[in-house]
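Subject: Handing over the structure, with notes

Dear colleague,

I am passing on the structure below, together with notes on what was found in it. Please read the notes with the model open beside you.

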Amino acid sequence: MKRARLTLFSFAVWASACGGGEVRQMAAEGPAALADLAVEVETPAEDDTLTTQRAIFFSDRAGAFFYDAAVAAPDDPAMGFTVSGDRILDGWEWWVSEDSARLGASERALAEVRPDFAVRSYVERDSLGFFARLLNRIQGGGKAKISERITLLDEHGALLVEVPDSMGIVAFRPIFGEGRGDVIDNRGASLLVGRPTGSDTLWTAIRAGGGTASSSEVAFSTPGAVVVVTGRTAIEADSLAALVLREADRFKAERGERMAELLASSYIHTENEEVNRALAWARLSLDALVVSDSSETVLVPGIPGAEPIPGRSILSNLNALLATGDWETALGLLVTYGRAQRFDERLDILGRAPNVVRPGGAGEFTTADATTIYLAAAGDYVRATGDRGLVSGGTNFWFKTVFAMRGLYQESSRHGRQIGDGGFLSATNGETWMQSLSAKAELATSRGGYPVEVQGSLYRALRAAASFAEIMGVARREGSSWYADSADALLHKFPERFALEDRLVDLIDRQGQPDLFQRPNPVLALRDISLPADEKARLARALADQLAYRHGLSTRVQSDSLFHPFLTEPSSYTSGDALFNGTVWTWLNGPLISVMVETGASELASELFEEEAALVEHSGVVGAIPDNVDAHPRESGDEPIAGGTPVQPWSLAEFIRNAYEDFAGITYAAPDTVIIEPHLPKSWGETEVRLRIGDGAVTITIEQSDRALKLVAAPEGEIPGTAALLVRAFGMEKIVSLVAIRTDSSAAPVEQVSVSISSDGVEVNGEASGPDGRFVVADAALWEGFSWLTPIVHERYPVMRTASARRLLAVREILRDNLAARSILTETDPGGDDWGATSTYTYPAGFPESVLDATYLEVAEDDSTTYFRAEFVTLPEADTSGALLTFAAFALDTEDGGANRVGRNALYDYPRGQGYEYVIFVGNGILVEDAHGRILGEVPPGRGIAFDPSTSSLSFALPRFVLPDLPRNSIVTLLVGAREATGDVGEFRRVNRNASGRFGGGKLDARAPNVYDVVTARVSR
């Protein structure tokens, strides 16, 4: 007990030292609805290298985004402040004049994150032990600290950073990445930075109220604030910065009020607070991905620089907007996508719709089902809103629908026929969302033919087209009956073509043969196609038995020898190999939950839903759902690790849609008729839902048990004169009107109406009433005995053993030469330039001179092997312990893109837009990696040393099965530094400001590379 008291007391002192009280107090300001969502983030443990780092994400809904680590150093190259696709700022650090202390990312100690802003505290690090630090705090000898409040201001592209406490003079020091441009001016309180962007210059103004700017910082008195904005000219940027500082309080209040009003306009409140918070966060995070102006509305697929791989349609997220009453955004998206639709057959399939439209109107036409998803989304919008003008008005969706359908069904000499003879939609390889990044035949997801999931979107598109034809009153070829008959024919043929015994196949190939590989895609078709409940349950159960963990659907069965348990395992494989061969995609939880609820397994489905809710608050970006989760935990009993794209709309939209459509059971039968068929999880208890109907709203309170459903509805506002609820439970349906007829024959919303349904009958407003219809209740027995897959965790999986066997290289393969090999690259480098990026580096004390000074680089090749050679001013023998002093890396840039930062503590970054595809580390052995960190080949430590002190050179050979040949114009960059022993090949030894016996010195910027000499050359084959 005494020990517990000491721990609590210690924590209280630590929290006080970190400014915990001030942080929490600031996080409680503003609208209560947002303050209640605050999430506290603490500094991660120093030895925690696997848990997904907590991060902050804000947007201004006009093209500006801020993404940063919450309380640690940034670990994602995409982190920073971005405006209209241009990276403005990588980050910043503080200089506290009173304490003469620099506080940067590594000094962050605590954060409170809300949807509208975040508060962070920084505390100066010290080297004292825990109890010495504790005693120091108790005695009042505190370290320097500062707290900041960060937000983006709506529609202004303005990053506002405030220091609310009075602590004298502080300085905001911006951190720019490559290509920062030149500092043109520091005008009073503003630091102005010009950066070339094509033919123009983008100007950034960093300004503080009453501040003083220099070439590297803006200093100001506290309490105070600094703002970062952009403009087309220096004057424009500076003027906007001054305006934002003057109006900052108003702009902040407007941002908070907008978010609070968004939450209040429609919602689900349950007795499960974690679910309530997760739904509120998801709603606001999805809204943050909307970029809108007077000309267009887009939903971006992710944070600039950290987007998912292409292949999914943004419009598949529309139902979440419809459910939450954000009909204006839904309409804006449809109109924007309609403008991007293609009608020139010389360019593309007639009527083809994009799957993504980016700010500025640029469309991506990646997938075969983007057009059908687009049409289905338009149908959902019209059914919910009653906006027939979308079809017949100025946006003319009837025209767009007709030509899109013609493009799918008619024969095209240029593009072929999209709908096959069986009435199924086809796709070529690479035209579905499951676009593999793996180049290995056994891992690549080749899906040319008739993918199962695209048939579901075709079915929904045909139903939408039929309803549009009814609105237009069209007959014959484009008439309602033709589209409806085509949908019915698809529905009839689908099970006999895609169902094989007790499961759906993933694909029918071009030869008409089923692909027997088990993938999660059939769950998408099961959600969209109207099969009988018992058949749907049987097919879904067979899929779930093979692939469904409690945290989501795996993309390969765990018993398969090619099953990849983790998204990231650099020593064995790339993330591209793992994406569709084991990794869980969180957005697929949405359709699985829908099918399980529909077929009687709602309580099981709620367990999966709660896993999603936990991700919103407790993993990765606060308030978002990461794209992927490992299929297996790293250790038995642990939780699988989340990863992949940090913020994307699909998982957020599915999470919201599941809550409204599946558990609350709310769908629109027509603009004036809302269906309520609840399947509330037991943990939700009494649940209140507010939803939009017409130009009004209705608030519905639901109580549900195994024996009865009780519902009270209270409409308000200008609801349709025929507004009604269709309540479904226990196999009975009851229609109740939401309007009352007055004595003057006018209609007005009723004050409230109550409905109770049990197996004994129906009551309306406390009086018995017969049902208006009956339906067949899904038999929950079809899911009896089901349990989520238990991960069978291995110490070493088959794919890892295979990788280990393939990558070990014999010394005789590596340490050889061929004098007849063709030279494809040579480059000389002067001696005496081994002084680092700033020409100030010094060797560690006692290091021999010139051992890190490269003078020559050569690459040669023959038919099977690539040969590398580097020469140095001098190379010493290994020291008495056998350790080498020199460490080298060969980074190979063979194509566009690639990894930006060289690993092994090099800290060497390529300029923006450049990168490398392969890197070879040479020290106590040789290690060959690709850009994803996967080891392609290695000579184990001590088995073969490439360095030859007698000739002051290193040379080695790599066979083609390890490293492909280097194309013409490939760039080879040799990096040389001091070797730090790590138990394997080694890494670059750190360079500090002051040299010591272990580390080099002379580094003026902590972010500079730990590299003494660089030689770069281009392949001239």
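Helices and strands here are DSSP runs numbered from the N terminus, a helix being H or I over at least four residues and a strand being E over at least two. This is a predicted model, in which local features need pLDDT of at least 70 and side-chain atom pairs count only at pLDDT 80 or more, while totals for chains, interfaces and linings use all residues. Residues are numbered from 1 along each chain as its sequence is written, and side-chain values use heavy atoms, with hydrogens and water left out.

I begin with the backbone in the loops. Ser839 is found in the loop between β47 (822-828) and β48 (854-861), and this residue has a positive phi of about 60° although it is not a glycine. With a relative accessible area of 46%, Ser839 is partly exposed, given that buried means under 20% relative accessible area, exposed over 50%, and partly exposed in between (1.4 Å probe, protein chains only). Asn396, in the loop between α11 (389-392) and α12 (397-409), is also not a glycine and has a positive phi, near 55°; its relative accessibility of 33% makes Asn396 partly exposed. A further loop, between β17 (218-221) and β18 (224-231), holds Pro223, which is joined to Thr222 by a cis peptide bond with omega of about 0°.

Next come the strands, where two strands are said to pair if DSSP finds at least two bridges between them. An open sheet of four strands has the order β2-β3-β4-β5, with antiparallel pairing. Its edge strands, each pairing on one side only, are β2 (55-59) and β5 (86-89). Neighbouring strands of this sheet are turned by 20° against each other on average, direction ignored, where axes are lines fitted to C-alpha atoms (for helices over the stretch in contact) and angles run from 0 to 180 degrees between N-to-C directions. Within this sheet, β3 (residues 64-69) and β4 (residues 80-83) run antiparallel and are joined by four bridges, with Phe66 standing opposite Phe81 in β4.

Six bridges hold the antiparallel pair of β39 (residues 724-729) and β40 (residues 732-737), and Ala724 has Ser737 in β40 as its bridge partner. Two bridges also join β40 to the antiparallel strand β46 (residues 773-774), where Arg774 is the bridge partner of Met732.

As for the interior, a nonpolar core is a set of buried Ala, Val, Leu, Ile, Met, Phe, Trp, Tyr and Cys residues joined through side-chain atoms within 4.5 Å. The largest such core has 211 residues, and among those with the most contacts inside it are Phe81, Trp92 and Leu725. Helix α13 (residues 452-472) gives the most to this core, with 10 residues. Apart from it lies another core, of 46 residues, which includes Ile824 and Val991. If contact is taken as heavy atoms within 4.5 Å, and residues up to four places away in sequence are not counted, Trp92 touches Phe66, Leu159 and Phe172, among others.

Finally, Thr371 lies in helix α10 (residues 370-385) and counts as buried at 6% relative accessibility. Residues up to four places away in sequence aside, Thr371 touches Gly351, Arg352, Ala353 and Ala404.

With best wishes
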